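Subject: A structure for you to look at

Hello,

Please open it first and then read on.

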Amino acid sequence: MFVCLVPVAFITEVGTPGQSSTQPSRSELDIFYQLSPVTDYLYVSGARAVQFSRIVERGISCIINATIELPNLPIPNVDYLKVPVDDTPYSNLYAYFDIVADKIAEVRRRGGKTLVHCVAGISRSVSLCIAYLMKYEGMSLRKAYQYIKGRRPIAHPNHGFFKQLIEYEKRLFGQDSVKMVHIPHAGTIPDVYEEMYRNLMWMSSGKSEFELR
């Protein structure tokens, strides 16, 4: 199974803008246990954060489980929607964009709250929340990604899902705000990742030169 990992160097500590470290801080690790609020009626997380007490405390009435590998947690009075998609660039998540976005909107109209989770809360669940923000909040893909990145710093849809989000944006708005670009040694990635990958390669190159001295 492909897992989309975000380099620790590019995870900013929650509540401490700009801080970085060669070792993950407690806050950086804690984010995997957080239900990150996207709006006052929508949360995104990884599986570790899906706990009965947290669901009840936040009044979450619908959980969207964007995994193949994890069962639904039996919680009374909580509606479930299963999105059985692997976190690989070749999986078809596009087919669920409308289904999930419409579900979140429906739950909101009823006065409920929705949690979208995958295994880590990095790729699948984030992609689905971005699709919702585009369709129902009218955000461009670029703005929706930046918005959710500000609320969940480890947000990092794999490049295949980003391609699908670009196609979804074109369908919704007739234009795209994110382009796929080719980076040597990184392949084809969305341009919103370009600076991060170039910095990562620069750091890797600098480390290699230092080791040769």
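Axes here are lines fitted to C-alpha atoms, for helices over the stretch in contact, and angles run from 0 to 180 degrees between N-to-C directions. Helices are DSSP runs (H or I, at least four residues), numbered from the N terminus. This is a predicted model, where local features need pLDDT of at least 70, side-chain atom pairs count only at pLDDT 80 or more, and totals for chains, interfaces and linings use all residues. Residues are numbered from 1 along each chain as its sequence is written, and side-chain values use heavy atoms, without hydrogens and water.

Let me begin with α3 (residues 97–109), which packs on α4 at about 65°, the axes being 9 Å apart. That makes α3 roughly perpendicular to α4 (65 to 115 degrees; under 35 is roughly parallel, over 145 roughly antiparallel and the rest oblique). The contact (heavy atoms within 4.5 Å) includes F97, D98 and R108 of α3, and K135, Y136 and E137 of α4. By class it has nine nonpolar, one polar and five charged residues (nonpolar: Ala, Val, Leu, Ile, Met, Phe, Trp, Tyr, Cys and Pro; charged: Asp, Glu, Lys and Arg; polar: the others, Gly among them).

Next, α4 (residues 124–137) meets α5 (residues 141–151) at an angle of about 125°, with axes 9 Å apart. That makes α4 oblique to α5. On the α4 side the contact is made by V126, C129, I130, L133 and M134, and on the α5 side by L141, A144, Y145, Y147 and I148. These are ten nonpolar residues, with no polar and no charged ones.

Best wishes

Definitions and conventions: Helices (H or I, at least four residues) and strands (E, at least two) are DSSP runs, numbered from the N terminus.
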